[in-house]
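User: Hey, I've got a structure open and I'm a bit lost. Can you walk me through it?

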Amino acid sequence: MTVAAPQRPAAGDARRSEGAKAERRLAAWLCAPAVIVMLAVTAYPIGYAVWLSLLRYDLRFPQEREFVGLSNYLAVLTDGYWWSAFTVTVAVTVVSVAIELALGLGLALIMHRTLFGRGTVRTLVLIPYGMVTVAAAFSWQYAWTPGTGYLANLLPEGSAPLTEQIPALAIVVLAEVWKTTPFMALLLLAGLALVPDDLLRAAQVDGAGPWQRLTRIILPMMKPAILVALLFRTLDAFRIFDNIYVLTRGNNGTASVSILGYDNLFKAFNLGIGSAISITIFICVAIIAFLFVKGFGAAAPGSEPEGRR
Amino acid sequence: MAVVATPGRKAGWSLLNLLVIVYALIPVLWIASLSFKPTSSVTDGNFIPRELTLDNYAGIFATSQFTRALINSIGIAIIATALAVTIGTMAAYAIARLNFPGKKLLIGVSLMIAMFPQISLVSPLFEIERAVGLFDTWPGLILPYITFSLPLAIYTLSAFFREIPWELEKAAKMDGATPAQAFRSVIVPLAAPGVVTSAILVFIFCWNDFLFAISLTSTEASRTVPAAISNFTGSSQFEEPTGSIAAAAMVITIPIILFVLFFQRRIVAGLTSGAVKG
Amino acid sequence: MRPRRDGRRRGIGLLAAALITAPALAGCGSDDQGVVLRFYTPADGATQYAQAAADCTEAAGGRYRIEQRTLPRQADEQRLQLARRIVGGDETLDILGMDVTWTAEFAEAGWIRPFPPRVADQVRQGTLEAAYETGTWENRLFAAPLNTNTQLLWYRTDLMPGGRPPQTWDEMIDIAEQLATQDRPSWIEVQAAQYEGLTVWFNTLLTSAGGRIVGEDGTTVRLREGDATRQALGVMKRVATARGVDPSLSQRDEGASRLAMEDGNAAFQVNYPFVLPGIQENDGGSFIDERGNPTSRDTGRRVGDVFAWAPYPAVEPGGDANVTIGGLNLAVSSTSRYPPQAFEAVQCLRNRPNQLRNAIDGGVPPTLEALYTDPAFQREYPAWRAIKASLDDASVRPESPAYQSISIVISALLNPPSEIDPHAMVGELASQVEAAVNSEGLVP
């Protein structure tokens, strides 16, 4: 792919164009493995998934494999379970990312400003990021299981929060927030480091209170970092799977779109419908990314520095 | 801002720090507590166990269900990390240092993959791997892991590469080294810290994966620990495998905690590199 | 759905689990030592199955060895693992312990082998008809019945007006509401959580009212026919909204139902026979006072002292209940390298001594008719008469390759049962089941 025609002819002398050619050749060799792997494991399968999504293909009825056009998509988009899962996913995404942003900002300010123990705090905060999601999810599950859990025992007798939709989703959000707030905080911390202290001091001298300094100076200056963090986390939250799988298995109206896709693939062994769900999720993710980049002007990380070098 | 450390402020920050520490550690301490509780008191709901036992650990290490999974997890994560970082280093160098057409496309593609919903790949990969015999094998998991961690590796590495003093490379080139030689003899040693960082991040990613692990494996031949845990059986219908799950969760959490303790600075730098520079 | 079984031998179970896994470890990479048949069973009753495997290995005189392996806990996970391994071409699957509801799906998909006619005839000999039916698909035997299971009504004699158990659901609900007004234990325990158990409850009520989910062909949905669906839904709604209902009803499974009764809060439960050894294991459950309410005081009287069983309640006065049959069947995987030996081993694994052991040690009713007249069995299995009667009237769950999807949509739609609208829901239920049967819709 990298051996395409040069975009702009090198406007230099012959020696420079010779160097540019060597550089291009080297670049092609260096990038080839990454490109090949990424294409082989994503582009080809996704194309295959599109093909599967146009088939009636249920492993339980292997003889009845046939081309059915878009009818799997029609089945998905007219199905109450899809919209329920979609609503759950959007709700969990919006709520957890909003909480993460607020908490992450607080955490970043603490890490940035704390008078002592900065190293300890920064280290410990990485534990939620590093802990295997499934392990953490089991921790939350047992914490909220009546009898076993220290948290469930704080609730009134007879309540089993993981078996009711809203409480269960609240726990899912809690588990997501716990796990990913540190990541958010670190991204924001990096943005925070770009806010010059002088500016804040000047504002303070001019009589700006802490809240004003936050909303008028810190946040606007952090906007690029915030948008990138939001983009990352939104897309990540939208594909939520592990926490829901462990906490509720998607029962009682808590299934996310990823859980729905998994269940249709592996509980129903319906590869046609399952692939249609997969592709629909893919399209949703693409739309979200597009909205962020175009709507909010989020700079896609890494997209800027090329061009210059 | 220069702040005077009055006792009041100090107490306030202590409290905040304490809150953060509690926040980070509670779920870990809780699963640790469960893992040390004997079967008789695992459902007593106490945060601090009244009596301690190592039975749960002895129990999981006595079964191939767990030990095999642990070997799989370690092997698969290490191989995937090595390959992803190697491939990623090459691409990242090109992106950070070389001018070539299609760079934008390459970055765009890897960005797309970073945001890709994994579930979308599960059904085709399940079918393809079944057809070519990769289903339920190590390579069957290593391949998607490499792919999904490549963007991460490329971002962190190219960010590191941009910081490297390139004059050295130029000097090497002036001494007659080809770009490839310059890459090998000058840049690689300088880039080592960045490579270690991205290796840690990639390892954590592979170690953490659950969706591919439960979808593309079916036996002990390749099932990793997160997938194995979710398949744990109690010894009878009425016995929840709580203690075993907690112990297994601890075993896979400890290496990560060690990583975090040793490489805190690097991890922070790696995680934030993509975001700020962009 | 595989009903829960006896947990009384927990200690032995632990020990046995350790013993079972030891050979599994040692067995790694020793494939060449003759024919090894791997026998996959649910965790529940694994001890007995491992003993059966050992006995049958001995009986085979070196022609093959049977290794018992334990599957995950949940029936869903068991099915998932087996199916995924078969479609992945795993040759190390030989004999599969299969839920009675999987037969059609596994058979239609070509995941299990039909029994050779000669073996099928031998299996049929002396096997309970209803149990045999669960192993067939399109008139061929695909899975040989090992255990069967059925539900009974378990009740508290001290709470029954006149000491007599109710005959119908309406009667039972009336008694429960009366008990509630008297402030006495009034819960009716059913399996109403969102899982297979809820589908079983619905299917039993539906067939007792004369209805069916799908026809013989496995594809025609018959939920709209007649009034049976509405009747069944009406009973569910009434149970879930009766005065004095268990507030956690919509989360109850077999184990939770059993415990609610042992704790003294329930007057009734419909459940599998494992509850009897269960309450004995727990020393008869909670103490009860003179009004029948649970108390921590040592009154000298426990739930177990007033615990009795009766036939499953009917929907219509004077009618019979057709209780949904459960149990475990044995099938041979299509990926097995040794089908003849596997079929032979299946016959051994389900022979009389092994079934007797499963019944006595594991609490599961056998599928060999002759055992029900065996005095040793009758002695160990006090509820045998009611169980046999219930099995003779048993109803089978829909035989359809898409059963799993059917069950999932039913349990998703009917949970929580308090929100069922018996009139409005018939059409929705029927159309969702139709989509599931044709593998057109989504499963939640």
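Analyst: Two residues are in contact if their C-beta atoms, placed from the backbone, lie within 7 Å. This is a predicted model, where local features need pLDDT of at least 70, side-chain atom pairs count only at pLDDT 80 or more, and totals for chains, interfaces and linings use all residues. Residues are numbered from 1 along each chain as its sequence is written, and chains are lettered from A and ligands numbered from 1 in the order in which they are written.

User: OK, how many helices and strands does chain B have?

Analyst: Chain B has 11 helices and zero strands. Helices (H or I, at least four residues) and strands (E, at least two) are DSSP runs, numbered from the N terminus.

User: And what does its C-alpha trace span?

Analyst: About 75 × 70 × 30 Å along the principal axes of chain B. Buried residues make up 55% of its 278 residues. Buried means that 20 or more other C-beta atoms lie within 10 Å of a residue's own; with 12 or fewer it is exposed, and in between partly exposed, with C-beta atoms placed from the backbone.

User: Where does helix α1 of chain B bend?

Analyst: At B:L25, by about 45°, and a proline, B:P27, follows within four residues. The bend is the angle between axes fitted to the seven residues ending at a residue and the seven starting there. B:P27 is one of the buried residues of α1(B), and B:W30 and B:F36 are also among them.

User: How many residues of chain B are in contact with chain A?

Analyst: 94 residues of chain B are in contact with 95 residues of chain A. On the chain B side, α11(B) gives the most, with 19 residues. That side divides into 67 nonpolar, 20 polar and seven charged residues. Here Ala, Val, Leu, Ile, Met, Phe, Trp, Tyr, Cys and Pro count as nonpolar, Asp, Glu, Lys and Arg as charged, and the others, Gly among them, as polar.

User: Switching to chain C. Which domains does the assignment give?

Analyst: Domain 1 (8–149 + 326–392) and domain 2 (152–323 + 402–438); the bounds come from an automatic or database domain assignment. Their C-alpha centres lie 29 Å apart. Between them, 14 residues of domain 1 are in contact with 15 of domain 2. On the domain 1 side, α15(C) gives the most, with four residues.

User: What's the strand order in the five-stranded sheet?

Analyst: The order is β2-β1-β3-β13-β6 (chain C), in an open sheet with mixed pairing. Two strands pair if DSSP finds at least two bridges between them.

User: Why do β2 and β6 of chain C each have one side without a neighbour in the sheet?

Analyst: They stand at the edges, each with a single partner strand, so one side of each is left without a neighbour there.

User: What about β3(C), how does it run next to β1(C) and β13(C)?

Analyst: β3(C) runs antiparallel to β13(C), joined by five bridges, and parallel to β1(C), joined by two. C:D99 stands opposite C:L328 in β13(C), while C:F39 is opposite C:I95 in β3(C). Five of the five residues of β3(C) are buried, so this strand is largely enclosed by the rest of the structure. C:I95, C:G97 and C:D99 point one way, and C:L96 and C:M98 the other.
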